[in-house]
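We will go stop by stop.

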Amino acid sequence: MRLYFLLLSILCLGSLVAQSGSSARTANRGGVELTYYLPDLNYDKSIPTPEEFLGWQIGDWHLSHDLQQAYMRMLAEKSDRIVLEEYARSYEERPLLALIITSPANHARLGELQEAHMKLSQLGTAGSDRIKDVPGVLYQGYSIHGNEPSGGNAAPLVAYYLAAAPMSEVEDLLNDNIVLLDPCYNPDGFNRFATWANMHKARKLNPDNQDREYNESWPRGRTNHYWFDLNRDWFPVQHPESRGRVQLFQQWRPNVLTDHHEMGTNATFFFMPGEPTRVYPGTPNLNQELTKKIGTFHAEALDGIGSLYYSGEGYDDYYIGKGSTYPDMQGTVGILFEQASSRGHVQESENGLLTFPFTIRNQVVTSLSTQRAFVDMKDELLTYQRDYYRKSKTTSGGYLVDADGDPGRLVALADMLRHHDIMFKQTGEDGEAPEGLYIPSGQVQHQLLDALFGTIDQFEDSLFYDVSTWTLPYAFNLPTKKMSSPVDHTMFGGAYNPTYQTEVADYAYFIPWHHYYAPKTAYRLMEAGLRVKVSHKAFTLEDGTELGRGTLMVPVQNQDGMSKEEVAEIVYTTYKEKFTEEDGSMQSPDIYEDDFVKPIAVNTGTVAQGLMLGSRSAYSTLKKPEILLLVDGGVNYLDAGEVWHLLDQRFDIPVTKMELGKVGRANLDRYNVIVMVDGSYGDLGTAGTDKIKDWMGYGKTLIAHKRAATWAKSQGLARLETRAFANESRNSKDERRPYEKASRDGGGRVLGGSIFQAKADLTHPLLYGYQREDLPVFKRGTLLFEPTKNDYATPLIFTDEPLLSGYSPRGFTDKVAGSAAIIVSGSKGGRTICFADNPNFRAFWYGTNRLFMNAVFFGSSISGSTVE
């Protein structure tokens, strides 16, 4: 008994010490109990709490991704309510997990229940009428932005609650439904931010928002490995995290999907619905009504803990590439949560001290209120999903997409459609390379299909949280027709099995440049030590094969002593690695593998039309690109990440990333291409700026996007003039505007993202490989360039009626008309190529990627007489 009281005294003393914060360890603890987050219940003691597992309470430190995953795996081992599924790996090889949570009895027949639920997503009367026999599916996901950590730190608490709470507490949820709990949408960013927050945490917590803890270094933890915002990638699916997640979504078609975020520190808590005038037009009104009804459960829950909140304003439900809107096109209710961020452990705010545990609690509370709403509204949500598909009107036509002579872009589009369970057929001759795709409208996903392929020019509101359009045929620059009747063609895939013989050329090889992946081939050949030339003229071979400007030519002779067989071995390396058969031929088993360019062997130096391969006017020698990408400081990390990803992932081309502050001390001699994406470059300082000026010269190419181009102008590295735009927001100069309209009027002058038509000079090296003069360009922001005085230095110019799709501020479209999309300047014998817009937007704007790659490979070959 004495021992008992002694231990009790020690525990009480420890409690007092924890409250006073007088020890180093307890000063780092938030001091909250499990009941601060979760209902006070008789939890299963055989299942460890997060605190028991970690040795500290959630909120004391920021969870690293590995600890979060370890806890989830432990729960799956301990609880018969949880089955764990790894659905993807991030670029940094971190697993993305989904916890499938339901009753043990349901787990025993999970496949049967999944099939019954998926039958709701059928056209016509195929869906089940017996809603009560169908399980609801709730998908709860957290922290798609890595530096919005309260969601990912709340996830273990939510999972513990579902695993360890008395069955009487969760039986209505788990007996009749299935919960997919996705604890971390963005493992790489989440872990990066956790490291930052923890490494700057003090023993005595400092809430001063100027402290380093609350101000991450570039590029910050919001993004994934390549600095992409994954909450813009739900339909583009350009990254493994998104591809796996969307595949999981399509396997289950949940009734509700939640997406837990954070916002500015001085805010409170937001839950959907958002602005009623900023909803995508294809979203049914009932979707918003159900969202609002679910919101009443959140309001009640937040009232219960005294947390401030709001709804119906600030955020929209428009861009279908976001997690809260993508589901709306598929009979699912997508819900966004936004919690004011502590961005560390505790921070001063307009609403008092904002602690990390407080932010986590709000995410936990609204996760549980979502579950209560789901139980209460199950039949409504299932009925809505069934009727969304059953009552939707389909047409007998579809979309006919032309390959434009480039299987690379076509295959990329087809791959995107496959991830969204959109069905399509191949057009062209059986067994040959596809000429295009036919995508029928009469299919389950026809509403999502129309949202992805349609254009839009009518808007209820002029404010957009993100872009206002994303038309995929424009993004891929693939000619597309809307058909009113079906087109009958062979099924895509399987039938395409061409055989390529590895002919050893006596004289040279041609590599067509119109294929999307030609730059990958070009770099591989030069990396292997081959000299590669580019044709500046179009020509036709004797067999009728037409080859355009930009065609690569690999001479067989004078390749550093290599024999013609050795040259052939290098030229055909890609094919031998992938497609070698026993007879020496190379066969492509699936069009999805066709990411290469077929070489053409020739045995003479004179081709049709009298063109000779030794002509200096027709051919110039390429230099292997040695690329420097400037990063850090005021550089737009999203745009920089798009360049890095494009070069590294698509084209296997290395790129050196250098911080602005190091440029002045660096040796730039090894680089022949410097890329400066949109951003401010003041951090270069005088030394860095002078170093770039000294670097510029013959054979050097500076590629500058948007504000980087205006920086280049200010430093004498580019010659360009900007075109002013003054938004016509008022009908009369004498008209007054109400004070309350100021914010909205300002937002209406913003171009969040629209598509404009440009006209190309197909003879210019920056346009090599393009088949048509018309080129859709994605434009964000109102920066415009005037055409150059040199008639040859503006190879891409916007048309007289340029707007193709999306919102344009009043008067802006007229200003875009006739402005320059690209300007080529010269400085000290080098070339500065200025882009008015970002040609690599979000990795899915395949149509203008070629402009950037042409600048990389052909920029230095542009004639000096044609530059500004």
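**Stop 1: helix 18**

Select residues 564-571, which form helix 18. Its buried residues are Val567, Ala568, Ile570 and Val571. They sit on the same side of helix 18, because they cover an arc of only 160° around the axis. Remember as you look that this is a predicted model.

**Stop 2**

Next, select strand 3 (residues 136-142) and strand 5 (residues 256-263). They pair in the parallel sense over five bridges. Show glutamine 140 here; it stands opposite threonine 258 in strand 5.

**Stop 2: asparagine 147**

Follow the chain to the loop between strand 3 and helix 8 (150-164), the place of asparagine 147. Is asparagine 147 buried or exposed? It counts as buried, because its relative accessibility is 4%, and the cut-off for buried is under 20%.

Show side chains. A polar contact of 2.9 Å joins those of asparagine 147 and glutamate 216. Leaving aside residues up to four places away in sequence, asparagine 147 touches Phe193, Glu216, Arg220, Gly221, Arg222, Glu262, Ser341 and Arg343. One of these, Glu262, belongs to the stretch 256-263, which is strand 5.

**Stop 3: cysteines**

Select cysteine 184. It counts as buried, at 2% relative accessibility. Then jump to cysteine 834, which is buried with a relative accessible area of 0%. How many disulfides are there? The count comes to zero.

**Stop 4: serine 819**

Go to the loop between helix 25 (812-816) and strand 32 (820-827), where serine 819 is found. Serine 819 is buried, with a relative accessible area of 0%. Its side chain reaches the backbone oxygen of valine 816 at 2.7 Å.

Now display its surroundings. Not counting residues up to four places away in sequence, serine 819 touches Arg723, Leu784, Phe785, Pro787, Ile797 and Phe798. Pick out isoleucine 797 among them.

**Stop 5: strand 23**

Finish with strand 23, residues 627-631. It is mostly covered: five of its five residues are buried. Which residues point which way? Ile627, Leu629 and Val631 point one way, while Leu628 and Leu630 point the other way.

Strand 25 (residues 655-659) pairs with it in the parallel sense over five bridges. There, the bridge partner of leucine 630 is methionine 658. Strand 26 (residues 673-676) also pairs with strand 23 in the parallel sense, over three bridges. In strand 26, leucine 629 has valine 675 as its bridge partner.

Terms used:
Residues numbered from 1 in each chain as written. Predicted model: local features only at pLDDT ≥ 70, side-chain atom pairs only at ≥ 80, totals over all residues. Heavy atoms only, no water. Buried < 20%, exposed > 50% of the residue type's maximum accessible area, 1.4 Å probe, protein only. Helix = DSSP H or I, 4+ residues; strand = E, 2+ residues; numbered from the N terminus. Arc of directions from axis to C-beta. Pairing = 2+ DSSP bridges. Polar contact = N/O pair within 3.5 Å; in protein donor to acceptor, adjacent residues only side chain to side chain. Contact = heavy atoms within 4.5 Å. Disulfide = S-S within 2.5 Å.
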